[in-house]
Amino acid sequence: MDAVIMLALRIGLLALLWIFILVALNAMRRDTNKSAGAIRQQSKKVGAPRRREAIKQLSIVEGPLQGSHMELGTLEDCTLGRASDCDFVTGDDYSSGHHARLFRRGSEWVVEDLESRNGTFVNGVRIDQPEVVGADSEIKLGRTTVRLNA
(Lines give C-alpha, C1' and ligand atoms only; values in the text may rest on other atoms or scores of the structure.)
Protein backbone atom coordinates (compact mmCIF):
# COMPACT_ATOMS: atom_id res chain seq x y z
CA MET A 1 0.00 0.00 0.00
CA ASP A 2 2.88 2.40 0.83
CA ALA A 3 4.40 1.77 -2.59
CA VAL A 4 1.15 2.78 -4.31
CA ILE A 5 0.95 6.02 -2.31
CA MET A 6 4.61 6.85 -3.08
CA LEU A 7 4.03 6.17 -6.79
CA ALA A 8 0.95 8.42 -6.79
CA LEU A 9 2.93 11.21 -5.04
CA ARG A 10 5.76 10.91 -7.59
CA ILE A 11 3.32 11.09 -10.51
CA GLY A 12 1.56 14.06 -8.89
CA LEU A 13 4.86 15.88 -8.35
CA LEU A 14 5.92 15.18 -11.94
CA ALA A 15 2.57 16.52 -13.19
CA LEU A 16 2.98 19.69 -11.09
CA LEU A 17 6.49 20.25 -12.49
CA TRP A 18 5.21 19.90 -16.06
CA ILE A 19 2.36 22.32 -15.36
CA PHE A 20 4.87 24.83 -13.94
CA ILE A 21 7.09 24.49 -17.04
CA LEU A 22 4.11 24.98 -19.38
CA VAL A 23 2.91 28.06 -17.46
CA ALA A 24 6.42 29.57 -17.60
CA LEU A 25 6.71 28.90 -21.35
CA ASN A 26 3.28 30.43 -21.95
CA ALA A 27 4.26 33.57 -20.01
CA MET A 28 7.48 33.91 -22.05
CA ARG A 29 5.50 33.47 -25.30
CA ARG A 30 3.05 36.22 -24.30
CA ASP A 31 5.90 38.59 -23.37
CA THR A 32 7.63 37.91 -26.67
CA ASN A 33 4.43 38.60 -28.60
CA LYS A 34 3.86 41.84 -26.66
CA SER A 35 7.38 43.10 -27.38
CA ALA A 36 7.10 42.14 -31.06
CA GLY A 37 3.83 44.06 -31.25
CA ALA A 38 5.41 47.09 -29.61
CA ILE A 39 8.27 46.99 -32.12
CA ARG A 40 5.79 46.76 -34.99
CA GLN A 41 3.85 49.74 -33.62
CA GLN A 42 7.02 51.77 -33.22
CA SER A 43 8.17 50.98 -36.77
CA LYS A 44 4.79 52.17 -38.08
CA LYS A 45 5.27 55.47 -36.23
CA VAL A 46 8.75 55.93 -37.65
CA GLY A 47 7.48 55.66 -41.24
CA ALA A 48 9.70 56.31 -44.22
CA PRO A 49 13.34 57.19 -43.58
CA ARG A 50 14.02 60.90 -43.47
CA ARG A 51 16.50 62.63 -45.73
CA ARG A 52 19.80 63.09 -43.95
CA GLU A 53 20.60 66.71 -43.25
CA ALA A 54 24.14 67.98 -43.15
CA ILE A 55 25.32 68.63 -39.61
CA LYS A 56 26.74 72.13 -39.29
CA GLN A 57 26.97 72.79 -35.58
CA LEU A 58 27.62 71.12 -32.24
CA SER A 59 26.02 72.75 -29.19
CA ILE A 60 25.68 72.05 -25.47
CA VAL A 61 21.98 71.90 -24.55
CA GLU A 62 22.45 70.74 -20.95
CA GLY A 63 25.44 71.02 -18.64
CA PRO A 64 27.85 73.51 -17.08
CA LEU A 65 28.67 75.28 -20.36
CA GLN A 66 25.09 75.26 -21.70
CA GLY A 67 24.76 77.41 -24.81
CA SER A 68 28.34 76.85 -25.98
CA HIS A 69 28.57 75.80 -29.59
CA MET A 70 31.08 75.05 -32.32
CA GLU A 71 30.74 75.18 -36.09
CA LEU A 72 31.75 71.87 -37.64
CA GLY A 73 32.12 73.28 -41.17
CA THR A 74 35.15 71.64 -42.73
CA LEU A 75 36.25 69.68 -39.67
CA GLU A 76 36.78 65.96 -40.19
CA ASP A 77 37.42 65.02 -36.56
CA CYS A 78 36.78 66.53 -33.15
CA THR A 79 37.49 65.35 -29.60
CA LEU A 80 34.97 66.05 -26.83
CA GLY A 81 35.84 66.07 -23.15
CA ARG A 82 36.93 67.92 -20.04
CA ALA A 83 40.61 68.41 -20.95
CA SER A 84 41.71 71.80 -22.24
CA ASP A 85 43.36 70.22 -25.29
CA CYS A 86 40.04 68.80 -26.56
CA ASP A 87 38.51 70.42 -29.64
CA PHE A 88 35.19 70.87 -27.79
CA VAL A 89 35.55 71.32 -24.01
CA THR A 90 32.51 70.33 -21.93
CA GLY A 91 33.61 71.82 -18.59
CA ASP A 92 31.89 68.88 -16.87
CA ASP A 93 33.57 67.14 -13.92
CA TYR A 94 31.64 63.96 -14.74
CA SER A 95 33.02 63.66 -18.27
CA SER A 96 36.46 62.19 -18.90
CA GLY A 97 39.41 64.25 -20.07
CA HIS A 98 39.08 62.81 -23.58
CA HIS A 99 35.55 61.41 -23.41
CA ALA A 100 34.42 60.88 -27.00
CA ARG A 101 35.43 61.49 -30.58
CA LEU A 102 33.17 62.78 -33.33
CA PHE A 103 34.41 62.15 -36.84
CA ARG A 104 33.22 62.19 -40.41
CA ARG A 105 32.95 58.93 -42.35
CA GLY A 106 32.01 59.82 -45.90
CA SER A 107 28.92 62.01 -45.63
CA GLU A 108 27.95 60.71 -42.17
CA TRP A 109 29.10 61.72 -38.71
CA VAL A 110 30.12 59.00 -36.27
CA VAL A 111 30.64 59.23 -32.50
CA GLU A 112 32.79 56.83 -30.51
CA ASP A 113 33.47 56.53 -26.80
CA LEU A 114 37.16 56.91 -25.89
CA GLU A 115 36.97 54.42 -22.99
CA SER A 116 35.43 57.01 -20.70
CA ARG A 117 34.57 56.10 -17.14
CA ASN A 118 30.86 57.06 -17.28
CA GLY A 119 30.24 56.04 -20.88
CA THR A 120 28.83 57.89 -23.85
CA PHE A 121 25.10 57.84 -24.65
CA VAL A 122 23.49 58.58 -28.01
CA ASN A 123 19.80 59.46 -27.73
CA GLY A 124 19.67 57.79 -24.30
CA VAL A 125 21.40 54.54 -25.33
CA ARG A 126 24.91 53.71 -24.11
CA ILE A 127 27.27 52.97 -26.98
CA ASP A 128 30.18 50.56 -26.92
CA GLN A 129 31.25 50.90 -30.55
CA PRO A 130 31.25 53.76 -33.07
CA GLU A 131 27.69 54.92 -33.77
CA VAL A 132 26.39 56.92 -36.75
CA VAL A 133 24.62 60.10 -35.63
CA GLY A 134 22.42 62.52 -37.53
CA ALA A 135 20.93 65.96 -37.15
CA ASP A 136 19.19 66.48 -33.79
CA SER A 137 21.00 63.51 -32.21
CA GLU A 138 21.87 64.05 -28.58
CA ILE A 139 25.18 62.82 -27.16
CA LYS A 140 25.47 62.62 -23.37
CA LEU A 141 28.95 62.91 -21.83
CA GLY A 142 28.81 62.80 -18.04
CA ARG A 143 26.16 65.40 -17.10
CA THR A 144 26.55 67.30 -20.36
CA THR A 145 24.24 66.78 -23.33
CA VAL A 146 25.50 67.86 -26.75
CA ARG A 147 23.19 68.19 -29.76
CA LEU A 148 24.14 68.02 -33.42
CA ASN A 149 22.33 70.74 -35.38
CA ALA A 150 21.70 70.99 -39.11
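**Exercise 1. Which residue forms a salt bridge with Asp77, and how far apart are the closest N and O atoms?**

Solution. 
- Start at the side chain of Asp77. Its salt-bridge partner is Arg101, with the closest N and O atoms 2.5 Å apart. The model is predicted.
- Asp77 sits in strand β3 and Arg101 in strand β5, so the pair ties together parts 24 residues apart in sequence.
- Asp77 has 29% relative accessibility and counts as partly exposed. Arg101 has a relative accessible area of 25% and is also partly exposed. Both values fall between the 20% limit for buried and the 50% limit for exposed.
- A general point applies here. Side chains of opposite charge can pair when their charged atoms come close.

**Exercise 2. How many salt bridges does a search of the whole structure find? Work through the pairs at Arg104 and Glu138.**

Solution. 
- The search of the whole structure gives 4 salt bridges.
- Take Arg104. Its side chain meets that of Glu76 in a salt bridge of 3.5 Å, N to O.
- This pair links distant parts of the chain: Arg104 belongs to strand β5, Glu76 to the loop between β2 (69–71) and β3, and 28 residues separate them.
- Arg104 is partly exposed, at a relative accessible area of 25%. Glu76 is partly exposed too, at 48%.
- Now take Glu138. Its salt bridge is with Arg147, and the closest N and O atoms are 2.2 Å apart.
- Glu138 has 27% relative accessibility and counts as partly exposed. Arg147 is partly exposed, at 27%.

**Exercise 3. Which elements does the chain contain, and in what order do they run from the N terminus?**

Solution. 
- Count the elements. The chain has 1 helix and 11 strands.
- Read the order from the N terminus: α-β-β-β-β-β-β-β-β-β-β-β.
- Turn to burial. Of the 150 residues, 29% count as buried.
- Turn to contact range. Among contacts between residues at least 6 apart in sequence, 39% join residues at least 24 apart.

**Exercise 4. Which strands pair with β1, and in what sense?**

Solution. 
- Begin with β2. It pairs with β1 in the antiparallel sense, over 3 bridges.
- Find a facing pair. Leu58 stands opposite Met70 in β2.
- Inspect the connection. β1 and β2 form a hairpin with 6 residues between them. In the turn, Gly63 has a positive phi of about 140°.
- Go on to β11. It runs antiparallel to β1, and 5 bridges join the two.
- Find a facing pair here as well. Ile60 has Val146 in β11 as its bridge partner.

**Exercise 5. Is Ser59 buried or exposed, and which residues is it in contact with beyond four places in sequence?**

Solution. 
- Locate the residue. Ser59 is in strand β1.
- Read its accessibility. The value is 10%, so Ser59 counts as buried. The limit for buried is under 20%.
- List the contacts, leaving aside neighbours within four places: Ser68, His69, Thr145, Val146, Arg147 and Asn149.
- Examine Asn149. Its side chain joins that of Ser59 through a polar contact of 2.8 Å.
- Compare sequence with space. Ser59 and Leu148 are 89 residues apart in sequence, yet their C-alpha atoms are 6.6 Å apart.
- Cross over to Thr145. This residue lies in strand β11 and is buried, at a relative accessible area of 7%.
- Beyond four places in sequence, the contacts of Thr145 include Ser59, Ile60, Val61 and Glu138.

**Exercise 6. Which members of the largest nonpolar core touch the most other members?**

Solution. 
- The core has 19 residues. Leu58, Leu80, Phe88, Leu102 and Val111 touch the most other members.
- Trace the elements. Those giving two or more residues are β1 (57–62), β3 (77–81), β5 (100–105), β6 (108–113), β10 (138–141) and β11 (144–149).
- Zoom in on Leu80. Neighbours within four places aside, Leu80 is in contact with Leu58, Cys86, Phe88, His98, His99, Ala100, Leu102 and Leu141.

Conventions:
Residues are numbered from 1 along each chain as its sequence is written. This is a predicted model: local features need pLDDT of at least 70, side-chain atom pairs count only at pLDDT 80 or more; totals for chains, interfaces and linings use all residues. Side-chain values use heavy atoms; hydrogens and water are left out. A nonpolar core is a set of buried Ala, Val, Leu, Ile, Met, Phe, Trp, Tyr and Cys residues joined through side-chain atoms within 4.5 Å. Buried means under 20% relative accessible area, exposed over 50%, partly exposed in between (1.4 Å probe, protein chains only). Helices (H or I, at least four residues) and strands (E, at least two) are DSSP runs, numbered from the N terminus. Contact means heavy atoms within 4.5 Å. A polar contact is a pair of N or O atoms within 3.5 Å; within protein, one must be able to donate a hydrogen and the other to accept it, and residues adjacent in sequence count only if both atoms are side-chain atoms. Two strands pair if DSSP finds at least two bridges between them.
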